[in-house]
Amino acid sequence: MVFLAGSLILMIAAAHPVRAALEVSPVVVEAIVPADSSMSGAWSLKNTSDHALTVTATAISYVDYARGDRSAPAPPWLRIRPTRIDLPAGAESAVSWTIHLPLHARGESLALVFFEEKKLSRGNPMIGRIGTALYALAAGSALPSAAIRDVRVGEDGKGGEFLMLEIVNTGNVHFRPAGTFEVGTDSSPAPRDSEPRAVAVLVGGGAALPGSSTIFRTTAFPPLADGRHAIHWKLSTGTIDRQAGPVLHGDTVIEVRRTKQESGLDDSRGSR
């Protein structure tokens with residue numbers, strides 16, 4: 001199983017295709033908590049089936065999860081209650097969360113909270129698992145920063161191409177990048193007052209987590225010729241700690257070689 005922070009995880013083990021019975025909302029929680037203070041909230045759970053469900057809730061830090069320690073206990077800054085609920089058919093309930101950050105907390109912590117449902121379907125046991133992401137940011141401590149490590153050209157199968165970007169989050173808070181990429185006709189950056197050869201827009205929605213690199217892609221544009229192409233990029237980082245995050249920009253040159261079926265980053269001069 002691969003977890004993408006901010007997305008829904010659903011795993012079902014059954015002998016026949018079945019519909020997930022449990023609904024959980026929200027699947028992403030972003031809390032900004034003053035240091036040495038607490039904050040509380042809740043997830044809403046609903047049993048959409050005509051069978052009773054038993055639901056268990058467990059939490060694990062993203063750090064433990066990413067290194068494969070799936071049996072690690074919940075992070076010390078997070079408490080969830082209750083951890084077990086019996087839901088009759090059509091019933092709704094809630095699971096509360098409480099975050100308490102220590103006095104000198106800095107940056108952001110991430111926990112994954114899983115809700116596992118168990119019931120019988122056609123006489124067979126069925127287990128469904130929904131994963132949610134809970135971000136806890138110490139108020140006033142966000143240091144957003146990022147860099148583009150690599151740029152590749154991919155084919156969309158419809159006669160067009162797109163850019164694949166490896167964005168490294170070098171800060172201490174997650175962000176969801178969005179932006180544009182102007183592709184010049186030669187190895188010089190596209191003049192700002194002229195029409196660029198192509199404009200690609202980053203396909204957003206995904207989160208770049210602190211200390212990690214994430215692959216994003218752009219919308220399609222007409223195929224590039226072999227040779228060097230300059231790209232001027234400009235990325236916004238959305239809202240961070242209740243204010244607009246920094247805008248990242250710079251110039252990158254890529255080399256397109258059809259014979260090797262590979263295109264890659266040649267040089268990067270970005271600013272943060």
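Here is a walk through the structure above, from the whole chain down to single residues.

What you see is a predicted model, in which local features need pLDDT of at least 70, side-chain atom pairs count only at pLDDT 80 or more, and totals for chains, interfaces and linings use all residues. Residues are numbered from 1 along each chain as its sequence is written, and side-chain values use heavy atoms, with hydrogens and water left out.

Let's begin with the overall picture. The chain has one helix and 20 strands; helices (H or I, at least four residues) and strands (E, at least two) are DSSP runs, numbered from the N terminus. Of the 272 residues of the chain, 44% count as buried. Buried here means under 20% relative accessible area, exposed means over 50%, and partly exposed is in between, using a 1.4 Å probe and protein chains only. Now take the contacts in the chain between residues at least 6 apart in sequence: 66% of them join residues at least 24 apart. A contact means heavy atoms within 4.5 Å.

Strand β11 (residues 146-155) is joined to β12 by nine bridges, and five bridges join β12 to strand β15 (residues 213-217). Elsewhere, A147 stands opposite V168 in β12.

β11 and β12 also form a hairpin with five residues between them, and G157 in the turn has a positive phi of about 80 degrees. Strand β12 (residues 161-169) is mostly covered, with eight of its nine residues buried. Over in strand β11 sits R149, which is partly exposed, with a relative accessible area of 49%. The C-alpha atoms of R149 and V168 are separated by 6.5 Å, although the two residues are 19 apart along the chain.

Next, the rings. A search of the whole structure finds two aromatic pairs. One of them is W43 with F115, which is edge-to-face: 5.4 Å centre to centre, with 70 degrees between the planes. This pair links distant parts of the chain, as W43 is in strand β4 (residues 38-47) and F115 is in strand β9 (residues 108-121), 72 residues apart. Rings of Phe, Tyr and Trp (its six-membered ring) pair if their centres lie within 6.5 Å; planes under 30 degrees apart count as stacked, over 60 as edge-to-face and the rest as tilted. Both W43 and F115 are buried.

Rings also meet charges here. The charged end of R70 sits over the ring of Y65, 3.9 Å from its centre, and R129 lies over the face of F114, at 4.1 Å from the ring centre. To count, NZ of Lys or CZ of Arg must be within 6 Å of the ring centre and within 35 degrees of the ring normal.

Most residues other than glycine have a negative phi, and most peptide bonds are trans. Yet a cis peptide bond joins S25 and P26, with omega about -5 degrees, and P26 is in the loop between β2 (22-25) and β3 (28-33). Another cis bond joins R81 and P82, with omega about -15 degrees; P82 lies in the loop between β6 (78-81) and β7 (84-87). D36 has a positive phi of about 60 degrees although it is not a glycine. D36 lies in the loop between β3 and β4 and is partly exposed, at 44% relative accessible area. D241 has a positive phi too, near 55 degrees, but D241 is buried, with a relative accessible area of 18%.

Finally, have a look at T237, in the loop between β16 (227-236) and β17 (239-240). At 4% relative accessibility, T237 counts as buried. Leaving aside residues up to four places away in sequence, T237 touches F175, R176, G245, P246 and L248.

Notes: Pairing = 2+ DSSP bridges.
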